[in-house]
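Subject: Structure for your review

Dear colleague,

I am handing over the structure below, and my notes on it follow. Please read them alongside the coordinates.

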Amino acid sequence: ATLFAALSDPRTPLFSLLNGEGAGAMLAAAAGDVAGGASQVGYSALTQQATMLAYHLLRHNTIDRPTLADDWLDLWADEANPSVYRAPSAQFVGWLEATVRGEAAATAEPSAEPAARVHPVGVWFRRDPGQLVGAAISMARITHIDATTVVNATAVAGAVAASAFAQAGRDLLIGTAEVCERALAEIEAEGFLYSRVEEARQVPSRLRKASDLVGLPAGELGRQLSAGEPTALDWPIIAIVLAADTAVEPYRLIETAATWGGGLLAVMVGSMVGARVGLRSWPWVVPNDTWFAEIGRRLVNGNRETRDIPVPYQVEERLTYGIDTRFS
């Protein structure tokens with residue numbers, strides 16, 4: 001069954017309830033970030049962006065673009081506080097600085113970063129493909145108007161949702177392709193001038209073709225899914241194929257992703273693997289691990305209260321500047 005079929009058929013058994021129905025996505029994504037090693041003190045700005053996105057969903061139950069942009073700015077420097085972002089990409093820093101100046105504009109440059117921070121959308125809207133697609137597009141459009149970047153982010157959100165219901169292998173790729181087709185229809189109905197729309201239309205067919213590659217060694221995947229060195233537009237598809245393999249120990253999938261594509265790839269793979277296998281210990285020390293576990297649980301159980309869990313800036317300030325580097 002594809003993702004849409006699984007969500008629309010009430011007779012489909014939800015086997016993944018044993019594994020938390022997606023609650024492990026946040027923690028495993030953070031573990032992938034740590035494994036990628038971009039930050040010496042733990043996870044990087046990728047996980048920080050995803051955490052702010054998770055809080056935003058808990059508070060608003062939707063994506064409000066101006067408010068989410070402000071949420072991301074909360075971790076950036078202002079007159080009273082220093083930035084607590086760790087190893088942010090040059091593209092994201094450029095967006096932050098422009099936003100502070102009141103000149104924010106989404107870039108037409110391709111990126112895998114929206115796909116690496118979208119996993120809270122996949123968990124929150126795992127039972128509603130329509131809401132999932134709209135939220136993933138809206139989130140990605142804050143910083144990017146490249147259509148392929150936006151569709152790739154929707155693909156990862158869909159793959160996280162499917163993984164929360166224990167979908168894997170070929171079914172994961174086919175279901176994700178359906179999500180992308182829905183995203184393309186929404187993008188084209190919007191009438192907004194995205195760049196690279198023709199290339200974005202190829203994403204569903206790329207995913208379907210890639211469904212035959214699940215289980216191949218990483219190097220072979222790279223040769224099959226990219227023309228030479230993988231680009232920002234290849235990494236999300238590679239991540240979904242890697243995460244779809246259930247024949248390998250879950251931590252090995254994240255380890256392979258980190259070795260091959262750094263934290264960017266490992267965060268995406270971790271989010272899907274964690275959604276499938278649930279909350280567990282990983283072989284990397286993840287600062288604030290109990291925090292990520294609790295955020296994951298709330299995304300699943302619908303508990304939208306945030307006043308009784310830590311303020312993200314304070315948590316990140318402690319970690320960034322060497323104070324209380326492990327929250328419990």
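Which residues are buried in helix 17 (residues 312-320)? They are Pro312, Tyr313, Val315, Glu316 and Leu319, where buried means under 20% relative accessible area, exposed over 50% and partly exposed in between, with a 1.4 Å probe and protein chains only. Because these residues cover an arc of only 160° around the axis, they lie on the same side of helix 17, the arc being that of the directions from the helix axis to the C-beta atoms.

Before going further, please note that this is a predicted model, in which local features need pLDDT of at least 70 and side-chain atom pairs count only at pLDDT 80 or more, while totals for chains, interfaces and linings use all residues. Residues are numbered from 1 along each chain as its sequence is written, and side-chain values use heavy atoms, with hydrogens and water left out. Helices are DSSP runs (H or I, at least four residues), numbered from the N terminus.

The buried residues of helix 17 pack against helix 3 and helix 16 (289-301), contact meaning heavy atoms within 4.5 Å. Just after helix 17, Gly322 takes a positive phi of about 80°.

Helix 3 (residues 45-60) also packs with helix 4 (residues 65-73), at an angle of about 135° and with their axes 9 Å apart; axes are lines fitted to C-alpha atoms, for helices over the stretch in contact, and angles run from 0 to 180 degrees between N-to-C directions. That angle makes helix 3 oblique to helix 4, since angles under 35 degrees count as roughly parallel, over 145 as roughly antiparallel, 65 to 115 as roughly perpendicular and the rest as oblique. On the helix 3 side the contact is made by Gln49, Met52, Leu53, His56 and His60, and on the helix 4 side by Thr67, Leu68, Asp71 and Trp72.

Helix 2 (residues 25-36) and helix 15 (residues 250-277) pack at an angle of about 175°, with their axes 6 Å apart, which makes helix 2 roughly antiparallel to helix 15. The residues that meet include Ala28, Ala29 and Gly32 in helix 2 and Gly262, Gly263 and Ala266 in helix 15.

Finally, Pro236 is found in helix 14 (residues 235-243) and is buried, with a relative accessible area of 1%. Leaving aside residues up to four places away in sequence, Pro236 touches Ala112, Ala115, Asn152, Val156 and Met268.

Best regards

Notes. Helix = DSSP H or I, 4+ residues; strand = E, 2+ residues; numbered from the N terminus.
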